[in-house]
Amino acid sequence: MAPCVLRSCIGVSQAISWSKAVLLLKRGNMTACRSPPNFRKCHSYGVPKLSPQEVSSILRINEGSYEISTSSIRAFDANQLPSNIPIEDRISVARCRYTTGMLFGVFDGHGGPDVADVISQRLFDYIALTLLPFSILRELIESNTDLCGRLTETYTDITLSPKLLHIHNNSLRKYAIELLESQGEMYDFQMQQALSQAFLKLDSDLSQEIIEVAHSDLEILPLAIMGACACVAHVDGSHLHLATSGDCRAVLGILSDANKWVCRPVGYEHNTDNVDEMRRVLSEHPKSEVNTVIKNERLLGQLAPLRAFGDYPYKWKTSLLKKLLLPVFGAGIMPPNYYTPPYLTARPEVFHHHLTARDRFLVLATDGLWEQMLPHKVVKFVGEHTTGKQTLDLLKLPRKHMRMEQINEILMQRQIGLSKKPTDTNASTHLIRNALGRTEYGVEHSRLSAMLTLPDDMVRNFRDDISVIVVYFDTDYLRHSPAE
C-alpha cells in the first residue's frame, strides 16, 4: 500500500455533492472518457449515464490511505460517499500523544451535519485527556497552555471555527481540572469506564455550552436540535476497545485455521432492532408510557437511534425546552408524550477484544453501509480485496534462503489472488462499489451508474451517506505479543 495523505475532504468543509461531482466530470475537470458505443445495456437500470472511468473517479473523490506501521496497526483505508447535501457523516483518525493508543471514529449526523462535525473534532481530545496518567495530567494543567492540539496527532483536519475552538479549549481545561481533583495518584483506571466518561462528558459540556450562549448566539443554538451517532475504536497493542452510541457499527475480519474469512461483529446497533436496547429504554420510564416511549419503531415516534450525542429536545427538561427552543423553532420542536425526560443518552456500550494473529482487519462504518450490505459480506469483500491486492505488488520473498516448495506455495497463492484482482486499491472504496453496484452476477456497472446519478431530491430515498474505515493489523506484531 503506497502511503498518501488522507484527504481533508473527509472532513466537513470539502464534502462534494454528487451533482457537483458529475458536473466536474462533464466539464473535464477530472479524468473521464465516454462510454464505448457497444457498452452492454441493462434492462433494470437503462443505458449507463457514466462510463466506468467516470464512476471510479466519483467513488474515489474522498478516499485516502495511510501507512502507520506502529504497534499492532499496519495501515488504514478510508472513504466517504455523500447522499445528503452537505454530507452529514464524519471520519476521524488520531494518535494519542501521551499514551500509545490509536483512535478511529465514524460519526453519523442527523438533522444536519453540525453536531457530527463538532463531536468528530472534539471527542478524541476528551478520550485522550481521560486516558492520561495523573502525573502528565497535572503537568499539562500547570503549563497553562491550550490543550487542543497537544493531546492528539490527527490524520484529518481540525476545522472548528475560532469561536468553537475557544469554547472547546475552555471546556477541556475545566474537564482536566475535574479529572485531577477526582482521580488522585492511586486512581484505579478502567478503560471501559474512561471511554464512557469521555462520551458523556462531551455531550454534557456541549449541552451546557449551548445553554450558556443561547440568548446571545443564535449561530450555536441550532446545535441543540441536531444529533450524531458515534462508533470509536481505541487500539493499543493487542487491546481493541470499541465504544458505540447509536447505529454505526464495526466488524472484525478473522482468518480461520482453514483459511476462511470469519466475521465477528463488535458491538450492537442502538435502535429498535436491538431488543435489549428497547428493554433498557422502556425500563427507564413509568409503565404508563410503555406505548409512547417507542412508537412506530422510533423514540417518541420520531428518532430512529436510541442513543446519540446532541438531540437535546429528547434530553432537556420541559421547562428548558420551552424557554430556549420553543420561541426560536416553534411548537413542533416539542416531542409528543414528553413526560419523563431524558429519553436519550450518549452513553456508549464499550466492548473489549484481545487481538490475535488471526485478526486481520477492523471495519468501522456508518449505517449507510450496513443498510446495503450484511456484516459477513463486508468481511468477505475486504478479505478477498486483501488477497487480490497482493497481486498488484511486485513479488517480494518474505525471507532469504527459502526452499523451492515454499516459493511455489507463495506463487500459487498469488495465482489464486489474480482471480480476485480488485478494481480499487482502497478497500473502503471497494466496499462502497460493491454495496451500491453488486447484483447476483457481480458488480453491475449500470446499477452503479444509476445510483451515482440519482437526482438530489431522490437520492436519499435509495441510499444514505456512507463512511468507511478499514484498519489493517500487523500480523507479525500480534503473533509475538504476549497473551493477556
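**Entry 1: a cysteine to begin with**

I started at C231, which is buried, with a relative accessible area of 0%. I kept in mind that this is a predicted model. How many disulfides does the structure hold? My search came back with 0 disulfides. C231 is therefore in no disulfide, since the nearest cysteine sulfur, that of C248, is 6.2 Å away, while a disulfide needs two cysteine sulfur atoms within 2.5 Å.

**Entry 2: salt bridges**

Next I searched the whole structure for salt bridges and found 17. I took a few of them one by one.

Within helix α6 (residues 191–213), I looked at D205 and K201, which are 4 residues apart and so separated by about one helical turn. Their salt bridge has its closest N and O atoms 3.3 Å apart. Are these two residues buried or exposed? D205 is buried, at 10% relative accessible area, and K201 also counts as buried, at 17%.

I then turned to D257, which forms a salt bridge with R358, and noted 2.6 Å between the closest N and O atoms. Where do the two partners lie? D257 is in the loop between β8 (249–255) and β9 (261–266), and R358 is in the loop between β13 (349–354) and β14 (359–365), so the pair ties together parts that are 101 residues apart in sequence. For accessibility I wrote down that D257 counts as exposed, at 69%, and that R358 is partly exposed, at 30%.

D464 and R460 came after that, with side chains that meet in a salt bridge at 3.4 Å, N to O. Here I found D464 buried, with a relative accessible area of 4%, and R460 partly exposed, at 41%.

I also noted a network of salt bridges that links E277, R280, E284 and R307.

How many of its residues are buried? I got 6 of 7, so β14 is mostly covered.

Which way does β14 run against β8? The two strands run antiparallel, joined by 6 bridges. As a place to look in the view, I marked A250, which stands opposite L364 in β14.

I found β14 joined as well to strand β17 (residues 466–473), by 5 bridges, and this pairing is again antiparallel. One spot to check there is L362, whose bridge partner in β17 is V471.

**Entry 3: the second largest pocket**

My last stop was the second largest pocket, for which I noted a volume of about 800 Å³. Which residues lie nearest its centre? They are D247, R298, A304, P305 and D367, out of 38 residues that line the pocket. Of the elements, β4 gives the most, with 3 residues.

I sorted the lining by class to finish, and it has 14 nonpolar, 10 polar and 14 charged residues.

Methods:
Residues numbered from 1 in each chain as written. Predicted model: local features only at pLDDT ≥ 70, side-chain atom pairs only at ≥ 80, totals over all residues. Heavy atoms only, no water. 1 Å grid on protein atoms, 1.4 Å probe; cavity = no way out; pocket = protein on both sides within 12 Å on 5 of 7 lines; lining within 4 Å. Points joined across faces, edges and corners; volume = space filled by probe spheres on them. Nonpolar A, V, L, I, M, F, W, Y, C, P; charged D, E, K, R; others polar. Buried < 20%, exposed > 50% of the residue type's maximum accessible area, 1.4 Å probe, protein only. Salt bridge = Lys/Arg side-chain N within 4 Å of Asp/Glu carboxyl O. Pairing = 2+ DSSP bridges.
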